[in-house]
Amino acid sequence: MKDYLVTVVKNEKIAENIHAITFLLKEECKVRCGQFGNIAVGGTHLLRRPIAICKVDGREVTFCYQVKGDGTKRLQAMETGDTCNLLMPLGNGFFVEDTEQKVALVGGGVGVFPLISVLRKYGQSKEISAYIGYRNQNAVCGVEEFAKAHKFVGVTDDGSYGEKMNAVQAFEKDLKAGNRPDVVLACGPTPMLRALKVLVEKENLTCFVSLEERMGCGIGACVVCVCDLTNGKKARVCKDGPVFNAKEVVL
Ligand SMILES: Cc1cc2nc3c(=O)[nH]c(=O)nc-3n(C[C@H](O)[C@H](O)[C@H](O)COP(=O)(O)OP(=O)(O)OC[C@H]3O[C@@H](n4cnc5c(N)ncnc54)[C@H](O)[C@@H]3O)c2cc1C
Ligand code: FES
């Protein structure tokens with residue numbers, strides 16, 4: 001992990017309220033899929049903003065972000081040539097065992113972006129089925145990446161793109177049709193992960209979830225990001241996660 005001074009290469013809209021920003025690093029950086037960066041957005045924002053690393057191409061690193069509050073508005077305002085500080089790579093990331101050949105990706109909202117990094121890492125060596133839920137067709141993004149998966153099922157809350165259902169329902173439908181994965185990797189809003197946890201426990205599937213807690217330092221020092229574990233202990237999402245075995249974490 002290093003604090004890089006990076007330069008903006010491009011910053012463009014990819015869907016309604018969603019943008020992709022690409023930074024140029026001074027040197028190549030080794031990243032595991034599902035890891036994240038903590039971006040210093042400047043201004044009065046002392047706290048950095050944690051965003052999943054979506055793509056790494058040589059010295060270029062791309063993050064996709066939804067504009068929510070002041071921090072991500074500042075990110076949106078960055079222009080080509082601007083510089084900022086970026087602490088990365090952070091967290092543990094996703095890992096698929098050699099024995100796990102069939103992988104299901106279940107993602108919703110901004111949870112879509114770390115799953116793109118999984119597809120880029122394992123897309124050639126594993127049989128990946130991606131079940132991705134969007135709010136509506138204006139929020140649809142990353143399709144050109146997910147189309148490279150063995151199977152891609154895109155759905156929306158209102159049925160304006162794909163079937164009207166959420167990502168967990170799309171996964172469950174395929175599961176019932178006989179497409180049973182060796183491992184499920186998921187990222188998305190907590191209610192989505194909660195519903196997935198119920199399903200994978202019922203189906204006795206191995207599942208790893210990436211959590212999105214509010215963060216401070218991003219490196220395990222401030223304990224802003226703690227979550228509850230099922231054994232009664234607590235864990236830091238930034239350092240011990242953000243990826244946890246679904247059965248070990250309270251959602
Ligand atoms: C490991 C990790 C990876 C993430 N990856 C992505 C990503 O790839 N793309 C993306 O768009 N977002 C991602 N997020 C969420 C992102 O960090 C927040 O949306 C962002 O920090 C909000 O900053 P803000 O200043 O714009 O909003 P704020 O003004 O701080 O908050 C605006 C709203 O967003 C909510 N919010 C703030 N921080 C978080 C958070 N960490 N998680 C969930 N809700 C939050 C607040 O409760 C509030 O309702 C990730 C978060 C984590 C922890
Ligand atoms: S954000 Fe500081 S310990 Fe996790």
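Start with Pro 89. It sits in strand S7, which spans residues 83-90. This is a predicted model, so keep that in mind throughout. The bond into Pro 89 is the thing to look at. Met 88 and Pro 89 are joined by a cis peptide bond, with omega at about -10°.

Now, where does S7 belong? It is part of an open sheet of seven strands. The order is S4-S3-S7-S1-S2-S6-S5. Read along that order and S7 falls between S3 and S1. The pairing is antiparallel. The edges are strand S4, residues 49-52, and strand S5, residues 55-57. Each of these two pairs on one side only. Neighbouring strands in this sheet are turned by 35° against each other on average, ignoring direction. As a reminder, strands of a sheet pair through backbone hydrogen bonds, either parallel or antiparallel.

One pair to find on screen: Asn 38 has Pro 50, in S4, as its bridge partner.

What lies across S4, S5 and strand S6? That is helix H2, residues 112-122. Strand S6 covers 60-66. H2 runs at about 45° to S5.

Next, another cis bond. The peptide bond from Gly 241 to Pro 242 is cis, and omega is near 10°. Pro 89 was in a strand. Pro 242 is in a loop, between strand S14 at 234-236 and strand S15 at 243-245.

Last topic: positive phi. Which value does Asn 204 take? Its phi is about 55°, positive, although Asn 204 is not a glycine. The residue is in the loop between helix H5, 190-203, and strand S12, 207-210. Is Asn 204 buried or exposed? Exposed, because it has 6 C-beta neighbours inside 10 Å.

Then Val 223. Phi is near 50°, again positive in a residue other than glycine. Val 223 belongs to the loop between S12 and strand S13, residues 226-228. Val 223 has 12 other C-beta atoms within 10 Å. The cut-off for exposed is 12 or fewer, so Val 223 counts as exposed.

To recap. Two cis bonds to revisit: Met 88 to Pro 89, and Gly 241 to Pro 242.

Technical notes
Residues numbered from 1 in each chain as written. Chains lettered and ligands numbered in written order. Predicted model: local features only at pLDDT ≥ 70, side-chain atom pairs only at ≥ 80, totals over all residues. Helix = DSSP H or I, 4+ residues; strand = E, 2+ residues; numbered from the N terminus. Buried ≥ 20, exposed ≤ 12 C-beta atoms within 10 Å, placed from the backbone. Pairing = 2+ DSSP bridges. Axes fitted to C-alpha atoms, helices over the stretch in contact; angles between N-to-C directions. Contact = placed C-beta atoms within 7 Å.
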